[in-house]
Amino acid sequence: MFFRWNLCIWLLFGCILLASIGGGESFFRFRGRRYRGDPEKRSPVIFVPGDGGSQVDAKLDKPDVVHYICQKHTKDFFNIWLNLELLVPLVIDCWIDNVKLYYDNVTRTTSNSPGVTTRIPGWGTAETVEWLDPSHASAGSYFKDIGNALASVDYVRNVSIRGAPYDFRKAPNENTQWFVDFKVLIEETYALNENQPVTLVAHSMVVQCPWSSCSNRRAPGRTNTLRALLHSPAPGGSAKP
Ligand SMILES: *[C@@H]1O[C@H](CO)[C@@H](O)[C@H](O)[C@H]1NC(C)=O
Ligand SMILES: *[C@@H]1O[C@H](CO)[C@@H](O)[C@H](O)[C@H]1NC(C)=O
């Protein structure tokens, strides 16, 4: 369960320090290429959340609802994941109808329930992956502890601590824009931090995705913008390079 994720994320903190503070040059080779940044400087960090690890906002304008207590219309977007207030009996039925996806077996794409619009807030910021619940209820903390630990050694949120949230309900083939944006985010973070290669801190299943999205990072003429991938256990307890 995600409520325990922050425990294993803590374990990563030590690794980050190892990777980011000096002495890492021979340790972190990147497919045979040496790290090219300044070993005196710290590597900025991007959190890549796992399944269920991004906030989701929704806006409703529904033709019908599953229960009379359910809301049909909302004026603005509201937080639908993670919002513990929506997971209580009866209200949870409304929630399920708002958060579920329909699969079209012909186009092989998914869509929300009719009248539900969703968005993933906080692209590039640390906030929405540190806290799944914007009210900061403690059960919704995710990368928060590692964010605080990094901040305590002079990392700066939104500059050298960043996040790449995504719609975890959908498969990678429906998140293609994310991979494009993610590459831009890595390059932007690299530039924002005096051309220091970036460390990705990934959790759970998603680990394969950022790696493959960056697989053309060695295109001719490009600087090496990645330094290390740190990864906390995927389901099944596997470890990744
Ligand atoms: C799609 O699902 C419907 C309903 O389950 C089924 O009748 C139909 O054969 C499916 N079509 C394809 C292309 O799988
Ligand atoms: C990071 O950026 C987001 C979105 O612009 C903002 O809401 C948040 O307050 C910023 N955090 C910090 C620590 O500056």
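**Loop residues, a hairpin and a core**

Author: N195 lies in the loop between α5 and β8, and the model in which it is placed is a predicted one.

Reader: What makes N195 count as partly exposed?

Author: Its C-beta atom has 13 others within 10 Å, and since a residue is exposed at 12 or fewer and buried at 20 or more, N195 is therefore partly exposed.

Reader: Why does D154 count as exposed?

Author: D154, which is found in the loop between α4 and β7 (161–163), has 8 C-beta neighbours inside 10 Å; the limit for an exposed residue is 12 or fewer, so D154 counts as exposed.

Reader: What is the phi of D154, and what is the phi of N195?

Author: D154 has a positive phi of about 75° without being a glycine, and N195, also a residue other than glycine, has a positive phi near 55°. Most residues other than glycine have a negative phi.

Reader: How do you know that β4 and β5 pair?

Author: Pairing requires at least two bridges between the strands, and β4 (residues 101–104) and β5 (residues 109–112) have four, in the antiparallel sense, so the two strands pair. Y103 has T110 of β5 as its bridge partner, while R108, in the hairpin with four residues between the strands, takes a positive phi near 60°.

Reader: Which residues have the most contacts inside the largest nonpolar core?

Author: Within this core of 33 residues they are V45, I46, F47, V48, L200 and V201; the elements that give two or more residues to the core include β1 (45–48) and β8 (198–203).

Terms used
Residues numbered from 1 in each chain as written. Chains lettered and ligands numbered in written order. Predicted model: local features only at pLDDT ≥ 70, side-chain atom pairs only at ≥ 80, totals over all residues. Core = buried A, V, L, I, M, F, W, Y, C linked by C-beta atoms within 7 Å.
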